[in-house]
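Look over the structure shown here. Which residues make a nonpolar surface patch?

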Amino acid sequence: MAVSGAAVGCSAIIGPAFGAVVASNYSINWVFLIIAATMISSAVLAFVFLPSGNLKKVKEESSHSEKMLSLLKNPMLAASYLGAFSLMFAQGALAYLLPFR
């Protein structure tokens, strides 16, 4: 989780700066083309270099909704889910309402 969080943090810092520099020097279309090329090359590299694990089919003993409810009964997990949801909600509201301001 720490590595995933670090990747998200770095992309949140580097992404807007990269987009601004490329868009100001070339055009907005180049930003999307570069990102698309990066995503396609990442997918190809992942397909080539990551091992294809043998997925075993596990017999489900309980339904999906029961598993989710059992996760939410843990107070620490519930607090972290609520914090993540609140952050995403605040970012969405800010992105939507800030241009009106």
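## The nonpolar patch

Ile13, Ile14, Phe18, Tyr26, Trp30, Leu33, Ile34, Ile35 and Met39 make a nonpolar surface patch of about 970 Å². Patch residues have over 30% relative accessible area and no salt bridge, with nonpolar side chains (Val, Leu, Ile, Met, Phe, Trp, Tyr) joined within 5 Å. A salt bridge is a side-chain nitrogen of Lys or Arg within 4 Å of a carboxyl oxygen of Asp or Glu. Helix H1 (2–25) and helix H2 (28–49) are the elements that give two or more residues to the patch. H2 supplies the largest share, 5 residues.

Isoleucine 13 lies in helix H1. This residue counts as exposed because its relative accessibility is 66%, and exposed means over 50% (buried is under 20%, partly exposed in between; 1.4 Å probe, protein chains only).

## Model and overall fold

This is a predicted model, in which local features need pLDDT of at least 70 and side-chain atom pairs pLDDT 80 or more, while totals for chains, interfaces and linings use all residues. Residues are numbered from 1 along each chain as its sequence is written, and side-chain values use heavy atoms, without hydrogens and water.

The protein chain has 4 helices and 0 strands; these are DSSP runs (helices H or I, at least four residues; strands E, at least two), numbered from the N terminus. Of its 101 residues, 3% count as buried.

## Helix H4

Helix H4 (residues 75–97) has 23 residues and should span 33 Å at 1.5 Å a residue, the expected span being 1.5 Å times one less than the number of residues. Its end C-alpha atoms are 32 Å apart, which agrees.

Note on methods
Patch = residues over 30% accessible without salt bridge, like charges linked within 9 Å, V, L, I, M, F, W, Y side chains within 5 Å. Areas by Shrake-Rupley, 256 points an atom, 1.4 Å probe, with all protein chains shown as cover.
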